[in-house]
Amino acid sequence: MYISVVSNNHFQIITNLFASVNSSIKIISPFLGKEMTDLLCKTKLLNQSIQVDVITRFYDSDFYKGVSCIEGLRDLKNANIGLYALKKLHTKLYIFDDTSAIVGSANFTSGGFHYNNELSLFIQEDPQLVRELIEFFQNLYRITNPSFEILASRIDEMIDKVKNKVQNEKPFEEPYEPTEKWGAEPPSTVKVHSSPISTSAQNTAPQSLMPLSHSINRIWLKFEESADSRSKPSERYKPTIWQGQMITAFPFKKGMPSIRLGEQFYMAVVSIDERGKPTQHIVGCGIFDSTAQEADQTMKLEYPWMDKYSYYCKVRDFKHIDTTIGNGILVKAMIDDLGRYFYAATQDSGKNPYVVHHQKSHLRLTEIAKANIDSKLDLIFEYCGKLPNN
């Protein structure tokens, strides 16, 4: 019997389990993120004989706010993976080949398996305990199948509903409350037998938890270009240099942007995706080397667009991807995974993270978003190279 405590290596463990699974995967998770559903679809594609069933939540507000990815559910359905809806769901459980399991706090999202401070138990070689977890799963499976199987037609209807809501959202609209909570009603109790914790579990030392950040500096996502001057995804990012130092500009508003010296930011270039739709790609990161300053006439002669973007900050330690803008990090994909936990302005307010950046020059990010972006940028830097500017 072997039970270990998992804190900061959830993703490594579950990818190893996906790589070695032979017959079945059972998942219970209220929220599903795009990165993790892609991984599950790939696992199913490589071995069509694996039986995969997922019990999740199906609330329109979850998809609208971005805490769960409706497109990810569509991909799972297209991969012939069973999907079932349960109301009031909070359990997170992952069972592989009916022999090993993960149970704990981690949703099936990038936040849950990569970036959040989660805690789970990884159970191996403990047949009795795994049988009890299977019994728990089967009890929920029986009340959701077949009456609350999530069909492709229901997913398509939800996609249209969410898109329509996003397109018609008004500024400063009240937080969106769910109008559709579809799924089986949970049983008042789900009976499983109790087992004592095995001796091996009692002797297992927990791994170090990821420390919580108490940084006083804010972290920003800085947007460059605008809706009427989008960069092509096939272009490369070119920093603006003034008197030998990189600068980044802000539009003229009522007052100067409240940027502080030494704050970190990520550069997101306003562009288009492969279908020609507006999007933003993160291409680099740096440090603000000044507070906001107003451009003088000399700068405006050099850069005529500064008549409209007349404030700027100096930048230091900037590095960006040595590849095209389209190979940068897609902001929408980040929001698909992290939902309201991407922007600081949406994590507690209930505002829609997909539209909060409209007509904004910069927005604060959460620490979770920073960790997510850093890991993805490091991969792009590793494979494509990076260019320092100063």
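Q: What makes β14 and β16 count as paired strands in this predicted model?
A: Pairing requires at least two bridges between two strands. Strand β14 (residues 278-288) is joined to β16 by four bridges, and the two run antiparallel, so they count as a pair. One of the positions is Ile287, whose bridge partner in β16 is Arg316.

Q: Why is β15 called a partner of β16?
A: Strand β15 (residues 293-294) and β16 share two bridges in the antiparallel sense. The requirement is at least two, so β15 and β16 are a pair. Here Gln293 stands opposite Tyr312 in β16.

Q: How do you know that β12 pairs with β16?
A: Four antiparallel bridges link β12 to strand β16 (residues 311-321). Because at least two are needed, β12 and β16 are paired. Ala249 stands opposite Tyr312 in β16.

Q: What makes β19 a pairing partner of β16?
A: Three bridges join β16 to strand β19 (residues 386-388), and these strands run antiparallel. The threshold is at least two bridges, so this is also a pair. Lys319 has Pro388 in β19 as its bridge partner.

Q: Why is Gln245 called buried?
A: Gln245 lies in strand β12 (residues 245-250). Its relative accessibility is 19%, and buried means under 20%; therefore Gln245 counts as buried.

Q: How do you know that Gln245 and Asp289 make a polar contact?
A: The side chains of Gln245 and Asp289 make this contact at 2.9 Å.

Q: What makes a group of residues the largest nonpolar core here, and which elements contribute to it?
A: Such a core consists of buried residues of nonpolar kinds, such as Leu and Phe, joined through side-chain atoms within 4.5 Å. The largest set has 43 residues, and among those with the most contacts inside it are Leu221, Phe342 and Leu365. Elements giving two or more residues to this core include β12, β14, β16 and α11 (367-384). The most comes from β13, with six residues. In soluble globular proteins, nonpolar side chains tend to be buried together.

Q: Which residues are in contact with Leu365, leaving aside its neighbours within four places in sequence?
A: Leu365 is in contact with Ile219, Trp220, Leu221, Tyr266, Phe342, Tyr343, Ala344 and Ile373.

Q: How many residues does the second core have?
A: The second core is separate and has 37 residues, including Ile14, Ile81, Ile159 and Trp182.

Notes:
Residues numbered from 1 in each chain as written. Predicted model: local features only at pLDDT ≥ 70, side-chain atom pairs only at ≥ 80, totals over all residues. Heavy atoms only, no water. Buried < 20%, exposed > 50% of the residue type's maximum accessible area, 1.4 Å probe, protein only. Polar contact = N/O pair within 3.5 Å; in protein donor to acceptor, adjacent residues only side chain to side chain. Contact = heavy atoms within 4.5 Å.
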